[in-house]
Amino acid sequence: MLSVICCDPHKPCRMLTVPFFSSAPMHAPLKAEMDAFWQQFYDSNWYVLGPEVEAFELAYAAFNQTQYCVGVANGLDALHISIKALGIGPGDEVIVPSNTYIASWLGATQLGAIPVPVESNPYTWNIDPQRIEAAITTRTKAIMPVHLYGQACEMGAIMELAQRHHLFVVEDNAQAHGSTWNGKLTGSFGHINGVSFYPTKNLGALGDAGAVTTNDPALAEFARTYRNYGSKQRYFNEMPGLNSRLDAVQAGILRIKLEHLAAWNQERSALAQQYFEHLAGIESIVLPKIGEDCGHVWHLFVILAERRSALQAHLQAQGIGTLIHYPLPPHLQQAYQGLGFQKGQFPIAEALAEKCLSLPLYPGMPIEHVALVAKSIRDFYLS
Ligand SMILES: *Cc1c(COP(=O)(O)O)cnc(C)c1O
């Protein structure tokens, strides 16, 4: 049986029969192309910004069907730079999902803006457009939909609300490269949007990387300047900027990998379909549900499970790797104690955090592993 090293960078590596994630099957066929790129890159003597970054920015903008893409150092910076570009700062409110990774909130709080959480639709687990209006105040500046686990938010309703209330939209597209709402790509709805190329994302670099996407030339120019010390012309700085440039070596690697993203997303879809078939009818779990017109690229296959810790331990004992995205919602994190949220305030997010379990899924995962995982889950609830 295939045995690969699990690749959770936050934990020591363990040998698993069914790893949670591996980039090996994606990377193996690209080896020759990567080697050739590396040789050429090494000899080019151009390592920061320059032709590699520009070529990837053009390729990603074309893929994402946006006018502009600006490469930055990581996904969190992409959100920070997007929010900053909109002129949002201290005291402004940004509507965020209660159920998300903390980076979505940090993009706002790093600039002194106030995150205003809105609960998820209990079926799709993404921000519920019907609950957004009640959270809008005179200080609200933007809505940040997060396409969690690869599923597009209900963007029609969100864009309509934003227009009616004159609010900006900043999509957190870190988990959903290639996903669509009603045929239109995520990351192309908002005024300016952030994307991450962290190695485990659907499009992953070999290190940290991210980008901003937009159709607005002024916002793109701000991002381009702000990411590079606030400088357009070397040694002349028009604003106090960041050093948040996309590494040229990562840009080259991402350009090679981008060619395969559509095929990899299809493979993820096929694996998800297998999970649906093999996991059908188990009463103690809830399978993911897809909203109307909401595309899904299966960044993660997340179920809700009764007795989750025991199930996770059972799977681990069988050599099956799982992860929890995420065990504690942002409003209950120690980092946000100062915001004064209470336990029980966002019950949908809290219930999801208590029950969610992400099952192994990655392009190149042996299809029989899905059956193995499903059988182990079934056995657990039967015993
Ligand atoms: C990964 C991720 C980010 C941040 O990306 P980094 O590149 O790790 O900074 C932001 N939001 C969500 C939803 C993510 O999953």
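Me: Phe56 and Phe197: buried or exposed?

Reply: Both Phe56 and Phe197 are buried. Keep in mind that this is a predicted model.

Me: What makes Phe56 count as buried?

Reply: Its relative accessibility is 0%, and the label needs a value under 20%, so Phe56 counts as buried.

Me: How many aromatic pairs does a search of the whole structure find?

Reply: The search turns up 21 aromatic pairs. One of them is Phe56 with Tyr60, whose ring centres are 5.8 Å apart with the planes at 40°.

Me: Why is the pair of Phe56 and Tyr60 called tilted?

Reply: Stacked planes have to be under 30 degrees apart and edge-to-face ones over 60. The planes here stand at 40°, so the pair is tilted. Both residues lie in helix α3 (residues 51-64), four residues apart, which is about one turn of the helix. Tyr60 also has 0% relative accessibility and therefore counts as buried.

Me: What makes the pair of Phe56 and Phe197 edge-to-face?

Reply: The angle between the planes is 80°, and anything over 60 gets that name. The centres are 5.5 Å apart, and pairing asks for centres within 6.5 Å. This pair links distant parts of the chain: Phe56 is in helix α3, while Phe197 is in the loop between β10 (193-196) and β11 (210-214), 141 residues apart.

Me: Where does Lys184 lie relative to Phe189?

Reply: Lys184 lies over the face of the Phe189 ring, at 5.1 Å from the ring centre. The distance cut-off for that is 6 Å.

Me: On to the sheet. What is the strand order in the open sheet of three strands?

Reply: The order is β3-β11-β10, and the pairing is antiparallel.

Me: Why do β3 and β10 stand at the edges?

Reply: β3 (68-72) and β10 each have a single partner strand, so one side of each is left without a neighbour in the sheet. Neighbouring strands are turned by 25° against each other on average, direction ignored.

Me: How do you know that β10 and β11 pair?

Reply: Four bridges join them, and they run antiparallel; pairing needs at least two bridges. Ser196 stands opposite Gly210 in β11.

Me: Which strands does α3 lie across?

Reply: α3 lies across β3, β10 and β11, running at about 130° to β3. Helix α4 (residues 75-85) packs on the sheet too, touching β3, β10 and β11, and its direction makes about 170° with that of β10.

Me: How do you know that β15 and β16 pair?

Reply: Strand β15 (residues 301-305) and β16 are joined over four bridges in the antiparallel sense, against a requirement of at least two. Leu304 has Cys356 in β16 as its bridge partner. Along β16 (residues 356-359), Cys356 and Ser358 point one way and Leu357 and Leu359 the other way, and all are buried.

Me: Last one: why does Asn265 count as buried?

Reply: Its relative accessibility is 9%. The cut-off is under 20%, so Asn265 counts as buried at 9%. Asn265 lies in helix α10 (residues 261-279), and its side chain reaches the backbone oxygen of His177 at 3.0 Å. Leaving aside neighbours within four places in sequence, Asn265 is in contact with His177, Gly178, Asn202 and Val297.

Definitions and conventions: Residues numbered from 1 in each chain as written. Predicted model: local features only at pLDDT ≥ 70, side-chain atom pairs only at ≥ 80, totals over all residues. Heavy atoms only, no water. Phe/Tyr/Trp six-rings, centres within 6.5 Å; stacked < 30°, edge-to-face > 60°. Helix = DSSP H or I, 4+ residues; strand = E, 2+ residues; numbered from the N terminus. Buried < 20%, exposed > 50% of the residue type's maximum accessible area, 1.4 Å probe, protein only. Lys NZ or Arg CZ within 6 Å of the ring centre and 35° of its normal. Axes fitted to C-alpha atoms, helices over the stretch in contact; angles between N-to-C directions. Contact = heavy atoms within 4.5 Å. Polar contact = N/O pair within 3.5 Å; in protein donor to acceptor, adjacent residues only side chain to side chain.
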